[in-house]
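Keep the sequence and the model side by side.

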Amino acid sequence: MPHHDHDHAHPHPPIVNKPDPVPGYYEIMETAVRELLVEKQLLGAGEIRRQIEVLDSRTPALGAKVVARAWVDPDFRARLLADGRAACEEFGISFYDDTRLIVLENTERVHNLIVCTLCSCYPRPVLGLPPDWYKAKPYRARAVKEPRAVLAEFGTTIPDDVEVRVSDSTAMVRYLVLPQRPAGTDGCTEEQLASLVTRDAMIGVITLNPERETVP
Amino acid sequence: MNQSENLLKLLPNDIGGLPADRVERIDHLLEPWEKRCHALADVLDFHKIINTEEKRRGVEALGSEMIGKLSYYERWIAVFAIILFQKGVLTPDELARKMDVVAARSAANEPEKVCQ
Amino acid sequence: MFRVGEAVTVSIRFPVGHYRVPQYIRGKRGAIEAIMKPAAVNNETEGFGQNAGIKGYYYRVSIPLCEVWTGYVGSPSDGLRIEIFESWLERS
């Protein structure tokens, strides 16, 4: 965003990284609504800017750290599975909304997958904003009806003797999948483990087990 | 269930189990205005000016054509405007005039004011 | 209130304007897996701007996918988990 915060008085145009493209109709509407609400003092001027910073601070790297901690610390894992939100807050992740968090543990017997068929509920405080495919019709329509076919499109094959469990978020609870720790990582540090954890594994569309992955 | 009845009973976003295409792993980096729109949604909810559930209900009320043709954040900002009119927080005329001001300012190549 | 493990059926009805119980689970039988606490306002009324009022419980309900879909392709143990507000659940 362009800034013009130096105080010397000479009339030059503001320095910007690149010229802003002409805003479209909806962008103009967004600016107009926001400015009117600020003018009416219904929103504080800095609140949107602060919330943008909060949104920017949430990425899958945060969720990955939670997962790695759960892998190395059995007591933390137990607290995380008992109350996902409380354990994340203890870990320093604030929840900026009223949602609860249930952490779903993948095991030898169960593979979890999360979806929101009605809209785009997602564990935003821990993973950031969802990818577009998560919000689009194919995933939302099919994940609850043919989860194994959807998983196959992500290159994931779950054996028949493993239960596929689909959680459809509709209200105040959000879900985070705790993937199985990959084999051969006994010598890894917590930081190294966190670097192995991906967003898609925490949604449950992939595993971190190479044997269950194929090229889609 | 007849056709017109079903239009009212089945919300356009209630799509669990409907036939759909293969999942393509699409994504995009949010435009600055889209991120501002998301932050606006959160702040409107914090103040309960428009709660999250009202936003969802408002999106459903746009109907299937608009849901299909508008992008995700286009739907959100359209809904915020409509709900703010319904609540008497803004008037349609006021927003139209403000949009003209914003458009004229942008056309004059003034830097956009972000939350100043 | 329902107990964990209790068998329930999701009501079949058709609210106008807003709902949070998708059509694909209406009339399906499942079991209470967990009670979501604390109690909360029904989000179907929240959708009309009511931020306070009578509170109730959401339940995490477990429904086998072969109960949800006739001809489900997958393992018979595959399942769905979904939160449903108490007003939508009937003992079965």
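**A crossing of two helices**

H2(A) and H2(B) are roughly perpendicular to each other, a label that covers angles of 65 to 115 degrees, with under 35 roughly parallel, over 145 roughly antiparallel and the rest oblique. Their packing angle is about 110°, and their axes lie 8 Å apart. Axes here are lines fitted to C-alpha atoms, for helices over the stretch in contact, and angles run from 0 to 180 degrees between N-to-C directions. Helices (H or I, at least four residues) and strands (E, at least two) are DSSP runs, numbered from the N terminus.

This is a predicted model: local features need pLDDT of at least 70, side-chain atom pairs count only at pLDDT 80 or more, and totals for chains, interfaces and linings use all residues. Residues are numbered from 1 along each chain as its sequence is written, while chains are lettered from A and ligands numbered from 1 in the order in which they are written. The predictor gives the complex an ipTM of 0.97 and a pTM of 0.91.

Which residues meet where H2(A) and H2(B) pack? From H2(A) come A:Glu47, A:Ile48, A:Gln51, A:Ile52 and A:Leu55. H2(B) answers with B:Lys35, B:Arg36, B:His38, B:Ala39, B:Leu40, B:Asp42 and B:Val43. By class, the residues of this contact are six nonpolar, two polar and four charged. Nonpolar means Ala, Val, Leu, Ile, Met, Phe, Trp, Tyr, Cys and Pro; charged means Asp, Glu, Lys and Arg; the others, Gly among them, are polar.

Now step back to the two chains. 50 residues of chain A are in contact with 46 residues of chain B; contact means that the C-beta atoms, placed from the backbone, lie within 7 Å. On the side of chain A that touches chain B, at least two residues each come from H1 (25–39), H2 (47–56), H7 (132–135), H8 (137–142) and H9 (147–153). H1(A) gives the most, with 11 residues. This side of chain A divides into 30 nonpolar, five polar and 15 charged residues.

A:Pro138 lies in helix H8 of chain A. With 18 other C-beta atoms within 10 Å, A:Pro138 is partly exposed. The scale runs on C-beta atoms placed from the backbone: 20 or more others within 10 Å make a residue buried, 12 or fewer exposed, and anything in between partly exposed. The C-alpha atoms of A:Pro138 and A:Val150 are separated by 9.0 Å, with the two residues 12 apart along the chain.

**Inside chain B**

Helix H5 of chain B covers residues 72–86, 15 residues in total. H5(B) reaches 21 Å from its first C-alpha to its last, close to the 21 Å expected at 1.5 Å a residue; the expected span is 1.5 Å times one less than the number of residues. Its buried residues include B:Tyr73, B:Trp76, B:Phe80 and B:Leu84, and also the charged B:Glu74 and B:Arg75. What covers the buried residues of H5(B)? The cover includes H1 of chain A, together with H2 (32–46), H3 (52–62), H4 (64–69) and H6 (92–107) of chain B. Just after H5(B), B:Gly88 takes a positive phi of about 75°.

**Two loops with positive phi**

Two non-glycine residues deserve a look. A:Gln41, in the loop between H1 and H2 of chain A, has a phi near 60°. A:Gln41 counts as exposed, with 8 C-beta neighbours inside 10 Å. B:Lys48 sits in the loop between H2 and H3 of chain B, and its phi is about 55°. B:Lys48 counts as partly exposed, with 13 C-beta neighbours inside 10 Å.

**Chain C**

14 of its residues are in contact with 14 residues of chain B. The chain C side has six nonpolar, seven polar and one charged residues. Chain C holds two helices and five strands, in the order β-β-α-β-α-β-β from the N terminus. Buried residues make up 34% of its 92 residues. C:Pro38 lies in strand S2 (residues 29–41), and the peptide bond from C:Lys37 to C:Pro38 is cis, with omega near 0°.

Note on methods. Two residues are in contact if their C-beta atoms, placed from the backbone, lie within 7 Å.
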